[in-house]
Amino acid sequence: MAFDWQGLVVQGLNGLASASSLFLVASGLTVIFGVSRIVNFAHGSLYMLGAYLAWTLTAHGPFAELGGFWGFWGAILSAALTVAALGALVEMLVLRRLYQAPELFQLLATFALVLIVQDVALLLWGPDDKFGPRAPLLRGATEIFGARFPLYELFLIAVGPVVLGLLWLLLHRSRFGILLRAATHDREMVAALGVDQKRLFTGVFALGAGLAGLGGALQIPREAVTLHMDMAVIVEAFVVVVIGGLGSLGGAALAALIIGELHAFGILVFPRITLVLVFLVMAVVLVLRPQGLLGRGAATAPVAAPAPPLPGPMPGPLRWAAIAAAVALVGVAPFLGDYPLILLADFSVLVLFAASLHLIMGPGGMASFGHAAYFGAGAYAAALLFKHLAAPMEVGLIAAPFAAGLVGLLFGWFCVRLSGVYAAMLTLAFAQIAWSISFQWVEVTGGDNGILGVWPSGWARGRLVFFYLSLALSAAGVLLLRRIIRAPFGLALRAQRDSPLRAEAIGLDGFLLRWIAFAVSAALAGLAGALFAYGKGSVFPSFLGIPRSVDALLMVLLGGVQTLTGPIVGAIAYAGLQEQLARLTDCWRLVLGVVILALVLFFPRGLAGAFRRRDA
Amino acid sequence: MLHGVGRRGLMAGVAVAALARPAVSRAQGGPIRIGEINSYTAQPAFLGPYRNGWLLAQEQVNAAGGIDGRPLETVFRDDAGKPEDAVRLAGELVNAEGVALLAGGYLSNVGLALGDFARQNKKLYAASEPLTDALVWSRGNRYTFRLRPSTYMQAAMLVEEAAKLPAMRWATVAPNYEYGQSAVKWFRELLAKKRPDATFVGEQFPALGRIDAGATVQALERLRPEGIFNVTFGTDLLNFVRQGNTRGLFEGRTVASMLSGEPEYLEPLGEECPDGWIVTGYPRDDLNNETHVKLRDAYRQKFGELPRCGSIVGYDNVQAIAAMLRKARSTETEAMVEAFRGIRFPTGYGTGEVTFRAADHQSTLGAFVGRTKLEGKRGRMVDWRYADGADYLPGEAEVRAWRPQD
């Protein structure tokens, strides 16, 4: 093909328009995170609400009657302001109560909001995609180098820098902004100086929400408004924020620019790259620059938070109750129907999965947003052995933890060098890369159609036997984890989490400890994945998709990260609730969201923490 | 919104009924229970109308005396778009709800997972919507039957029309997953057979549901194709079309587009609907034969809106299952499988009888092929004809070679 630089310039403009849209959403997210340290999972939902509200306001009510230029822009701005007000409300009613909770716990609350908004939007606006009106004066296209280019895209290209400029003015030329920057830098100090934290936080959340709402509202002349907008945008927005450096506005702008342009040009060369591009970029950036492009160095990172006391042994009566429940489960199983046995086998697998994540989240002190990668690695190891070598279940179950452990060693080597949200996002990047391999390497993995026929060996095919097998292996896994946590290795792991400097001073190698923990955790997740595969008879890329990673995270957080009981209780509670609700109502997401929200507000130490509170 | 509340009430009703009668009731004279699994929360726009069509047909079958006096009863379940959940729910429906057969499926991988569950557990699975060819060919099995015209069939219908046109340089745009990849593969292969001189100058594979429409349109424009084969649908289609219209991508070009003539996809396009695309679909408003008019009126009366393509699929699947049950006179799986092979039933399209081929368990339900046209503020299908599925399927000997023999 002839080299046509004109075409490339136009493609560059397309990249700028996408970058601008992306920046609007990401800017709100980064502002919120910078000050409140909240990982706002609901940011995509606010974006979606902005779009739906703008659609409604341009079609109905006073702005629709006004029509024309003022009607349209009035509707867009009102939508953004409404979302800002909603954001303030959410902060005051929910998040404000959770600032003292452990890190990432707010993520649970914001995830509950995601679920609630999904169903509320469906109820209010119906399931059909909506097309908004085109913007007055900006309907058509202009000719650039012989290609028609939409005026509205040109306008969007301008909006990004304008918003960036306005935010800069706000942050540097207003009292509110100066306080914000101070709080981003050192929250405690600002509080000590007598600044009203509550108002500051409410304000910043409203600001961030408003930016998300504006981002959504501005999309309606160019994209359809759909119920999937929230999920489509949230992950990319996070990636932009992290690549740019958490809390850095300039970084977010730079990252949005990079992503937008790489995407626009990437599809010219590799049309199938879209699935994984942003995650590849994130992985490269984080491996080379662990604090993102413009993020501040580790100097401001963890200011020695008081370490939570070591949890004592489980209180006597509770321990006996747990043992009794386990014995009862084994004894009762033969009298249960097939379906309860299927469910119980699923629950055992999920308990092991959650418990394996707990090892790195609790004692390890690292979060993982991509734990499904190892679950999936185990499942795919079993399925690939079956597909290509016709290996029986026994072989698959032995090989799976090794395969997943190896993947864990590989990914972990990069991830455990980072800390906090950066580490978590790097795990997400690797998980998405693994996911896209399972999705795109059709010849080997079967692509999204998966690998079928991965059923257990003859002797384990009965529901009862398979349940006992799942229970036995999961219990063995959990007991192994318990042993590890209480062994010197586990204590050393805690030591490097609570006080890296002192741990180093007594000769502990933090990197090595975290790396080994990561691999062990991956191996056990892999065992869970293989069991799950045999239970379902098939393996799909969704086994290592983001939703499964999020599920694991929610189970651990819901149960509480302090003790190993947490993920066990959390897994059963979360999976059980979801299963029951999905059978009872179409609105199960709404109900589940409300229940999680209630649990979060009443048990900020997790479900297992709630049981222990008295004797703690 | 009103019908949404209605659906929820109905689900709750079914659920309560299910709770009230947990014991498996297989007594003669009791209802015949069907377990229906679909991605209701993940794809509400397509599956709401589908469930309505299903319920309408079930009501009509039951009003006409059911199956030898036994009414049909359906237990609906939501798999949230995850194949592993679908398999769990299949276990629940078979073991706890005592359903005689399974049905449903929208996403291809959910359909394949259910098909494999059916094979493993020797239960009948009447797949409704999944389009993947693998379901009846490379991964077909004795217990799985599929109603809707498959990816291959829809692509073949478009190729027939596209081959008549002068366009030689083709570019393709398809969502990056199995359906999109297969559609592109078949379109290329089948077009090359009819027009050996046709060339394919490039392809775009945006991620499903996350198309960057501006960049994609521009990338296609750079290729200067004479024809474009489009497989995007839903949100991607809307965004693609709006950007394509603004940038003049479709002007003076032939466009062949999978499924875009279905009301599901045509209606949300509104006044963006492009003119003159060759599409497969369902010209609901102009299909005025007696059977279809009756169905359309009954549907509108019951649900207060017009049916969509999914409604017909749901309606036809119940008709097919009812016909099969009447012939089988039993709810034993093997008897039902034998009855299903070669069963004939009238489609709600009113275009005559449809049969399930014994060789590959694919129904011969067809689709309508026509052109899009913008009239006023909405698009519709014109110059359409019914393409009988039987004419667009490979021969039985050929598919036998593709199917694992069981």
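Into which domains is chain A divided? In this predicted model, in which local features need pLDDT of at least 70, side-chain atom pairs count only at pLDDT 80 or more, and totals for chains, interfaces and linings use all residues, chain A is divided into domain 1 (32-226), domain 2 (228-296) and domain 3 (338-544), the bounds coming from an automatic or database domain assignment. Residues are numbered from 1 along each chain as its sequence is written, while chains are lettered from A and ligands numbered from 1 in the order in which they are written.

Chain A contains 26 helices and 4 strands, where helices (H or I, at least four residues) and strands (E, at least two) are DSSP runs numbered from the N terminus. The radius of gyration of chain A is 25 Å, close to the 25 Å that the globule rule gives for 616 residues, so chain A is as compact as a globular protein of that length; this radius is taken over C-alpha atoms, and the globule rule is 2.2 Å times the number of residues to the power 0.38. The C-alpha trace of chain A spans about 75 × 60 × 50 Å along its principal axes.

Within chain A, the centres of domain 1 and domain 2, taken over C-alpha atoms, are separated by 20 Å.

Two packed helices are described by the angle between their axes and the distance between the axes. Helix α11 (residues 249-269) of chain A packs against helix α12 (residues 277-288) of chain A at an angle of about 130 degrees, with their axes 10 Å apart; axes are lines fitted to C-alpha atoms, for helices over the stretch in contact, and angles run from 0 to 180 degrees between N-to-C directions. That angle makes α11(A) oblique to α12(A), given that angles under 35 degrees count as roughly parallel, over 145 as roughly antiparallel, 65 to 115 as roughly perpendicular and the rest as oblique. The crossing of α11(A) and α12(A) is right-handed, a crossing being left-handed if the near helix is turned anticlockwise from the far one by less than a right angle, and right-handed if clockwise. From α11(A) the contact involves Ile258(A), Ile259(A), Leu262(A), His263(A) and Gly266(A), and from α12(A) it involves Leu277(A), Val278(A) and Val281(A). These residues comprise 6 nonpolar, 2 polar and no charged.

A further helix pair in chain A is formed by α24 (residues 565-584) and α25 (residues 588-602), whose axes come within 9 Å and cross at roughly 145 degrees, again in a right-handed crossing. Here Leu577(A), Gln578(A), Leu581(A) and Ala582(A) in α24(A) meet Trp588(A), Val591(A), Leu592(A) and Val595(A) in α25(A), a contact with 7 nonpolar, 1 polar and no charged residues.

Chain B has 13 helices and 14 strands. Its domain 1 (2-150 + 288-365) and domain 2 (152-285 + 367-392) have centres separated by 29 Å, taken over C-alpha atoms, and their contact takes 20 residues from domain 1 of chain B and 17 residues from domain 2 of chain B.

The contact between the chains takes 61 residues from chain B and 57 residues from chain A. The side of chain B that touches chain A has 22 nonpolar, 21 polar and 18 charged residues. Helix α11(A) also takes part in a packing with chain B, as the axes of α11(A) and α7(B) come within 10 Å and cross at roughly 35 degrees, with a right-handed crossing. In this pair, His263(A), Ala264(A), Ile267(A) and Leu268(A) of α11(A) meet Ala215(B), Thr216(B) and Ala219(B) of α7(B), and the contact has 5 nonpolar, 2 polar and no charged residues.

Key:
Contact = placed C-beta atoms within 7 Å. Nonpolar A, V, L, I, M, F, W, Y, C, P; charged D, E, K, R; others polar.
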